[in-house]
Amino acid sequence: MTRALEGVRILDMTHVQSGPSCTQILGWLGADVIKIELPGRGDITRSQLRDLPDVDSLYFTMLNCNKRSLTLNTKTGKGKEIFRKLIDVCDIMVENFAPGALDRMGFSWARIQELNPRLIYASVKGFGPGAYENFKVYENVAQCTGGSASTTGFDDRPPMVTGAQIGDSGSGIHLVAGILAALLQREKTGRGQRVEVAMQDAVLNLCRVKLRDQQRLAHGPLKEYPQYPNGKFGEAVPRAGDASGGGQPGHVLQCAPGGPNDYIYVVIQPQAWAPLMEIIGREDLMDDPEWSTPRARLHKLEDCFHLIEGWTVTKTKFEVMEILNAHNVPCGPVLSMKELAEDASLRATGTVVEVEHPERGKFLTVGNPIKLSDSPTEVTHSPLLGEHTEEILREIGYGDNEIAAAREDGAI
């Protein structure tokens, strides 16, 4: 069985997270990903946040599975020659350098088009064209400038960033979509093109419901936000705490035995009110006009969730989930990283996988979240620094003497 992107060759000029998260998915989908790294050092994340001495960090291994590593110094003459050859034989180049870095190396988009008109050139930058386009961006900066931080957390606290890497990995996933679209269009036109994703843009795209609410705010208070009816609304969308963004009231409720993650998120849909009241032993409120309609409950949502929490604290979050789902009440337990790592169903689907690494032994990582019925994913370990340098050079036409000369030149 062939994989979806088998035969597609990626020139991976990425580092840290936004770019590597993109090229790793392309590798999972079957592409041959050639990761270019600086000789002697490689991707900076190889040595960041190490849990074992002198071994590639989990930061690196979990973002660079299914790739081959080629060390290359493009500041040397031989290095530039090899890089030109790689551009000629690859289908896609992906980079997340600071703005203008490749131009300064002598490989502008115009030059790349001359070398290989079919090449798709994809890049992640912090900002799109405008006042900030030359500024650097990191994960939390993207969350702040893309609208996430201002709308996350509780109204009486400072803005908060989320633990989900929506700036880095979120941008990488957006870039995957653009690359695949450009690859499909190339089948029709025969031409490559530029694909660009700004981290600010990607975060804002993921915050679109908040931009929706900004426009709704001009026409009155946002009734599903906890600030209604007693709080005040300003000119901008406020932080909504645990409130649902979909118009259905929701809240995180504590469960037994009361640990830091013993909580479950419960949504009160109109049709779920009666089952909820029956479950918690408040049948008297099932048809009470003061409680039984969304409009009646709107002014006392805090009281509604307090009633339900009086029941949830007597059971574990998993018991609550089983009982509520049997009555079609939407809910979900707050799962810790430990619980997710040990989840048997996630292991069975390949969403969490154990990988054997030649130096660190077994490590746990996320698997491909995109499941294709005719293109199964096998997650392989991240490459050692320069592990495939000679192998790749031979594939693109270099002989032993030329490889030795490139090594003597400091190019590899």
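In which sense, parallel or antiparallel, do strand 1 and strand 4 (residues 92-95) pair, and over how many bridges? In this predicted model, strand 1 and strand 4 pair in the parallel sense, and four bridges hold that pairing.

**The chain as a whole**

- The C-alpha trace of the protein chain spans about 85 × 45 × 45 Å along its principal axes.
- Of the 412 residues in the protein chain, 44% are buried, while the chain exposes about 20,800 Å², of which carbon and sulfur atoms supply 53%.
- When contacts between residues at least 6 apart in sequence are considered, 65% of them join residues that are at least 24 apart.
- The protein chain carries 43 positive and 54 negative charges, and the mean positions of these two groups are 5 Å apart.

- On the pairing with strand 4, leucine 11 has methionine 93 as its bridge partner.
- Strand 1 is also joined by four bridges to strand 2 (residues 32-37), and these two strands run parallel; in that pairing, arginine 9 has aspartate 32 of strand 2 as its bridge partner.
- Together with helix 1 (residues 18-28), strand 1 and strand 2 make a β-α-β unit, which is right-handed.

**Helix 1**

- Helix 1 is largely enclosed by the rest of the structure, because 11 of its 11 residues are buried.
- The buried residues of helix 1 include Ser18, Gly19 and Pro20 as well as Gly27 and Trp28.
- Just after helix 1 comes glycine 30, which takes a positive phi of about 115 degrees.

**Serine 21**

- Serine 21 has its place in helix 1, and this residue counts as buried because its relative accessibility is 8%, where the cut-off for buried is under 20%.
- If residues up to four places away in sequence are not counted, serine 21 touches Leu63, Asp168, Ser169 and Gly172.

Conventions. Residues are numbered from 1 along each chain as its sequence is written. This is a predicted model: local features need pLDDT of at least 70, side-chain atom pairs count only at pLDDT 80 or more; totals for chains, interfaces and linings use all residues. Side-chain values use heavy atoms; hydrogens and water are left out. Two strands pair if DSSP finds at least two bridges between them. A crossover is right-handed if, with the strands pointing away from the viewer, the path from the first strand over the helix to the second runs clockwise. Buried means under 20% relative accessible area, exposed over 50%, partly exposed in between (1.4 Å probe, protein chains only). Contact means heavy atoms within 4.5 Å. Accessible areas come from the Shrake-Rupley method with a 1.4 Å probe; for residues, only the protein chains shown count as cover. Lys and Arg count as positive and Asp and Glu as negative; His and the chain ends are not counted. The place of a charge is taken as NZ of Lys, CZ of Arg, CG of Asp or CD of Glu.
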